[in-house]
Amino acid sequence: MSDASIVLVVLAVGTFALKSAGPMLLGARRLPARLQDVVDLLPAALLAALAIVSTLGDGRSVVLDARAIGLAVAGIALWRRAPFVVVIVLASAATAATRAVTEL
Amino acid sequence: MAVSITAAVAPFGIVFGAAASTSGLGVWEAIGYSVFVFGGSSQFAAVEILGDGGSIAAAALAGLLLNVRSLAFGVIMAPALDGPLWKRALMSQVMIDESTAVGTASEELAHRRYGYLAGGLGVFVVWNLTTVVGFVLFSGAGDLIRDLGLDVAGPAAFLALLWPRLEDRRQLAVAVIGAIVAVALVPFAPAGLPILAAMSAVVAVRSVEGRFTKPSERSGE
């Protein structure tokens with residue numbers, strides 16, 4: 001089995017357990033407030049880390065290249081409340097244009 | 001509401017399909033993620049970490065942690081999703097941001113259930129179709145992806161998912177600290193680990209708050 005398939009199986013089983021725990025076990029009970037707070041904050045840390053590392057990371061080094069321009073443009077588009085598809089297209093276009101005219 | 005939410009995931013599905021193909025997955029693996037994991041940000045994280053040469057453990061753990069919130073969604077939706085055990089299990093598979101958003105928009109339990117299922121099944125169908133489209137369009141097109149700047153589509157998608165959270169000061173603090181911790185670790189840790197280490201931001205923000213404010217003063221989501 002490929003690495004991607006092993007991750008798929010682990011992730012599918014684990015995710016199903018998380019999704020179904022409430023409806024199958026808990027019924028009408030709620031999560032403790034402190035646990036609920038951690039659950040609310042966790043995605044912000046992970047998504048920010050994913051965005052920045054997949055932009056600046058290149059193996060074990062941190063580099064500033066055309067991807068950073070694209071992410072900056074995505075940020076501006078999101079700030080101006082652009083829809084998802086516009087954000088992706090503008091970010092990609094900015095990265096492609098930067099590559100076409102510079103060495104970045 | 002369910003229709004517009006369903007349509008909104010289409011571009012993201014295409015980006016996931018493209019990312020899966022760039023990371024070296026087979027088409028059946030890409031479909032497997034979209035059917036059996038069915039959680040956009042977590043599928044994305046796992047595939048990107050694998051593509052960067054990260055370990056199986058790092059990819060699986062990062063993916064799972066991004067789905068911990070569906071545990072909270074399940075707790076919220078549980079009263080509306082009663083029935084025999086097999087039915088509850090089946091309905092749980094579409095426990096995602098979108099279905100919970102549509103479901104919780106109404107108060108009555110029957111409406112909640114209908115909204116949840118309509119939103120969840122709609123997204124499920126569109127998500128899987130667009131995964132295949134994205135995979136087929138960009139499979140084996142590594143140079144094309146670079147030339148079109150599509151390698152930034154993943155990071156931009158993560159930023160778009162993060163964006164609505166940043167209006168809250170605590171979420172913003174967690175995001176900034178998480179990003180700094182992760183980038184700082186890139187030169188020293190194997191791929192995937194910097195992402196997991198970013199979770200320490202949650203602990204950091206909560207402990208700093210605990211020192212300066214009473215719990216009752218904290219603003220939650």
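**Exercise 1.** Find how far apart the C-alpha centres of domain 1 of chain B and domain 2 of chain B lie, and describe the side of domain 1 that touches domain 2.

*Solution.* In this predicted model, the C-alpha centres of domain 1 of chain B and domain 2 of chain B are 25 Å apart. The domain assignment places domain 1 at residues 2-150 of chain B and domain 2 at residues 168-221. Next, look for contacts, which join 10 residues of domain 1 of chain B to seven residues of domain 2 of chain B. On the domain 1 side, the largest share, five residues, is supplied by helix H5 (residues 56-66) of chain B. Sorted by class, that side of domain 1 has six nonpolar, three polar and one charged residues.

**Exercise 2.** Determine whether H5(B) is largely enclosed, and find what covers its buried residues.

*Solution.* Begin with the count: nine of the 11 residues of H5(B) are buried, so this helix is largely enclosed by the rest of the structure. Among the buried residues are Ala58(B), Leu61(B), Gly63(B) and Leu66(B). Then turn to the cover, which includes H4 (40-51) and H13 (193-197) of chain B together with H1 and H2 of chain A.

**Exercise 3.** Describe the side of chain A that touches chain B, and name the element that gives the most to it.

*Solution.* Start from the contacts, in which 66 residues of chain A meet 81 residues of chain B. Several elements of chain A each supply at least two residues of this side, including helix H1 (3-26) and strand E2 (61-62), while H2(A) gives the most, with 21 residues. Finally, the classes on this side of chain A are 43 nonpolar, 15 polar and eight charged residues.

Methods
Residues are numbered from 1 along each chain as its sequence is written. Chains are lettered from A and ligands numbered from 1 in the order in which they are written. This is a predicted model: local features need pLDDT of at least 70, side-chain atom pairs count only at pLDDT 80 or more; totals for chains, interfaces and linings use all residues. Domain bounds come from an automatic or database domain assignment. Two residues are in contact if their C-beta atoms, placed from the backbone, lie within 7 Å. Helices (H or I, at least four residues) and strands (E, at least two) are DSSP runs, numbered from the N terminus. Ala, Val, Leu, Ile, Met, Phe, Trp, Tyr, Cys and Pro count as nonpolar, Asp, Glu, Lys and Arg as charged, and the others, Gly among them, as polar. A residue is buried if 20 or more other C-beta atoms lie within 10 Å of its own, exposed if 12 or fewer, and partly exposed in between; C-beta atoms are placed from the backbone.
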